[in-house]
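Reader: Could you take me through the salt bridges in this one? I'd like a close look at who pairs with whom and where the partners sit.

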Amino acid sequence: MPERVSRGQGMPDPATEAILDAALVEFDQHGIRRVALDDVARRAGVSRTTIYRRFANKNDLVSAVVDRENAQLFADIAEELKTKRPQSNYYVEAFTQAILCSRRHRVLNRMVHDEPALTLELARRHYAAAVHRIEAALQVIFPPGFAELIGPLAVHELADSIWRYAMMVTLLPSSDPVETADEIRAFANKHFLPSLPEVLRAVPV
């Protein structure tokens, strides 16, 4: 398992990390909408003032938690693909692992099921950061020299497609089964791969 990802550069602020850790536990146990900042402050062992010095409001705190968990999620995806032999090509496997890893994350998975409208809003708000992190994960998992071969625009378009189709599978019902890894791969081969730009489909991996 890769080392825990921190939000900031260098040494993280201990109080901020404690607040984010406490919020993560509270969101996991009670759901985002039921948690008040007082609950987070109590669990983190800090005052509400300490929280407000770092986060303007609860929505800001939720965004920070989601941003940090997304960073860890994409690091986990890169690690999975780097250490395991792909069952299909890298495009399909990156998509499949994005779905599987997100489902294993209790808070993100609970948010999808309990608060889909909030999930969609946060996906929109964090779109640029999510795509950037998927691009970084792809740079890790691609064979040496492949990212340079297809070019940065193609890598960006692939990351964008992974994010959009992952949101589709996560939030919308599907006529195709998408529960197991093999079912997700079948969905990706049927729907995801044909949607990719020609420059990507023309270069097999």
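Author: Searching the whole structure turns up 16 salt bridges, a salt bridge being a side-chain nitrogen of Lys or Arg within 4 Å of a carboxyl oxygen of Asp or Glu. Bear in mind that this is a predicted model, where local features need pLDDT of at least 70, side-chain atom pairs count only at pLDDT 80 or more, and totals for chains, interfaces and linings use all residues. Residues are numbered from 1 along each chain as its sequence is written, and side-chain values use heavy atoms, with hydrogens and water left out.

Let's start with Arg68 and Glu17, whose side chains form a salt bridge at 3.1 Å, N to O. Arg68 sits in helix 4 (residues 58-83) and Glu17 in helix 1 (residues 14-30), so this pair links distant parts of the chain, 51 residues apart; helices here are DSSP runs of H or I, at least four residues, numbered from the N terminus. Both Arg68 and Glu17 are buried, meaning under 20% relative accessible area, while exposed is over 50% (1.4 Å probe, protein chains only). They also belong to a salt-bridge network with Asp21 and Glu69.

Next, Arg33 meets Glu115 at 2.8 Å, N to O. Arg33 lies in the loop between helix 1 and helix 2 (37-44), and Glu115 in the loop between helix 6 (106-114) and helix 7 (116-125), so the bridge ties together parts 82 residues apart in sequence. Arg33 is exposed at 60%, whereas Glu115 is buried at 9%.

Finally, Asp182 and Arg185 pair up at 2.9 Å between their closest N and O atoms. They're three residues apart in helix 11 (residues 181-195), so about one helical turn separates them. Asp182 is exposed at 57%, but Arg185 is buried at 11%.

Notes. Helices (H or I, at least four residues) and strands (E, at least two) are DSSP runs, numbered from the N terminus.
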